[in-house]
Amino acid sequence: MIDQVHLLILAVILFGVGLFALLGESNIIKILMGIEIMIIAINLIFIALGTEITAEGNKFTALAQVFPVISLAIGAAVMALGLAIVINNYRHAKSVDSDEMSTLKR
Amino acid sequence: MMIETLFLLSIITVLSPLVGAFISLLLKKWTAIRDIFSVLTIAVSAVTAVIIFILFDGAPKPYDFNWLSWSAGSDLASTTDQVIQSGFYLDTLSVLMTLIVTVLSMLIAFFSLEYMAEDKHRSRYWFFMQLFVGGMLLLVLAHDMIFLFLGWEIVGLCSFFLIAHHYMKKGEEGRKPALSGIKALIMTGIGDVGFLAFLAWAYLQTNSLLVTDLTSGSNAVFMSILLLLAPVTKSAQFPLQSWLSSGDTVNIDAMQGPTTVSALIHAATMVKAGVYLVARISPLWGEPVFYVILMILAGISTVGAAIAALVTTDLKRVLAYSTISQLSYMFLAFTIRDAGEHGLFAGQAHLLSHSIFKALLFLSAGAIIHSIAEERDMKKMGGMRKELPWIYGFMLVGVIGLMGIPIISNGGYSKEMIITTAFENGNWFVFVVGVLAAFLTALYAIRMFLMIFHGKNRGANVHKPKYIMRITLGILAVIVVASGFVLEGPLQNKLTGHNEAYTLLHFVPLPFFVSLGAIILGIGLSYLLYGKGQTEVSLIENNNVLRFLRDVVAHGFYMDHLYNAVFVKPVFWIGNQLSFLKTGKINWNMILGSFVAIATIVVLVVIV
């Protein structure tokens, strides 16, 4: 039986994984992946808190279930933008190292 | 359904700069049209704001709509049992702020037509300029805290981009603006987190995010501390002031942006957001802890920033420190909690007058800096009253406003109001700090003025500014003098709704003469020390202890060094250690990490 609290624990662990992937990494694509994992963790918290599991039946908050879908759509757009910046920077500097693109200028 | 005129006008006021920002991006090929168009969108807001101010009758008017139906139940289409209300809220405070923001932003934008004429990245500049104004208007007019927070974030983001405007320059000249922008974004981010957490608590308590529904229930102490973070970071109060102006030797702060941006940040938007937030919640949030902490922090920053302004030799930084000092003055006024809300009104009046004279001072500084080839060091200026007679006169008006000379300037009225209110309510802390700050303000304002305009020219080539700058400065100088007369009287009656109590000057002899004496003492001392064109005081240079203290202040009280050692270095250390952990070598980190992971899993299994 999966309870609300299990989902929350999973979300916290996912957030930690994302943070671990983010910290101490200089490859910009890996950083973006870390951010994406963290966003997924937040979406999971939305789903978990929007759910109420009782003996009589499960209750769902409509908005909390719809919100992750919107969030994922926007997240996809944000990732596309981020990867576009990475590609442009790669063409310019021949590198995906975040330390070398810290100023984003010619 | 008829939409009410006021509501329609406030929608136009907010949307005009926000939409105009995106349209101005499309006009990239026609640069002249784009520049004028950008000023016009803000001008439209200014016109509507003036109409709102005239039509507004003093009674608070909420215009709300429901959205985000937060219904709980298995049926997705079930009717709403919890909704979030949003909308605009027109009361005297928001109407007044809208007027200040739009009119001053319009004048600053008009000024930057000439100031930024040779900049290569004006497209970015105009976009964020308009977005900045739009965000601030959204913040000011919002009735619910979602819109307020949205405006809060837009303002913070735009300030980041505008401070870092010159990042494309080569070498050190480009690195410092970039770092300054990042610093501003991160340090104000602390306040954003506090504010967001506060919103969650507030929603939990009252099931509503409307500002007018705010009450301090349980957990009020904890919420107060969270809420306190927001104005302290945004308005750059004591522990977190260094994003707005750091020490001379550090030189990474908001002053790295173009001077018009500094004028916009200091006069109308950004730093006023924190003051506005406190003014907005002040009648509703009665928790004494909030006001006690705020009073202590504001007291420290009033005196500390005024002393720092005495030491620095950078023209813009003197003004930046004086902004911090004056903002704390407003906070001090808000912490006088009297029944008639005189303290609240005095703070709002000082907000109005400070916005106007600080816009004048910053734009004058911009005109000076522009005419001597971007040189900001006051040690290289001097004797400019012959070359720049117009700006000499306009800046004198600004300095009079900043010092708060009674009767002839708006700063005088509002400053007297704060000191008198503190005296009448027996709030001795505010009274003493207020008088001390009035003395220090006169000291550094006259020091700055004498160092720029008097004495001999110490090696700056002057080329005179053209008409646009002069016209803008002239308008602002007139407003500085004129708004003083309406401040205590017609405006107070309109704002407080007491139409019968028309008094031009609420005159109480003791505080009036004490503060006047402090101001005269400051002017006299400053003239004695700097009147003959000195840049340094020999007393301080020859005394080891005083010189040491001077150096501490010139390093920005070592606050940046402290933050660097306490926060920045450890984060980088952790990052480096984690990076090493990912290389695959087995070391103590690896063993420690796996131990922590196993322990966490065991604890979770046992508990759950």
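**Two chains in a predicted model**

Chain A holds three helices and two strands. Read from the N terminus, the elements of this chain follow the order α-α-β-β-α.

Along the principal axes, the C-alpha atoms of chain A occupy a box of roughly 60 × 25 × 15 Å. How many of the 106 residues in chain A count as buried? The share is 7%. As for contacts in chain A with a separation of 6 or more, 52% of them are accounted for by residues 24 or more positions apart.

I now come to chain B. Its secondary structure amounts to 21 helices and two strands. What radius of gyration does chain B have, with its 608 residues? The value is 25 Å, and it agrees with the expectation, because a compact globule with 608 residues would have a radius of gyration near 25 Å. The box filled by the C-alpha atoms of chain B, again taken along the principal axes, is roughly 80 × 70 × 60 Å.

In chain B, 49% of the 608 residues count as buried. If we take the contacts in chain B between residues at least 6 apart in sequence, 79% join residues at least 24 apart.

How values were computed
Residues numbered from 1 in each chain as written. Chains lettered and ligands numbered in written order. Predicted model: local features only at pLDDT ≥ 70, side-chain atom pairs only at ≥ 80, totals over all residues. Helix = DSSP H or I, 4+ residues; strand = E, 2+ residues; numbered from the N terminus. Rg over C-alpha atoms; globule rule 2.2 N^0.38 Å. Buried ≥ 20, exposed ≤ 12 C-beta atoms within 10 Å, placed from the backbone. Contact = placed C-beta atoms within 7 Å.
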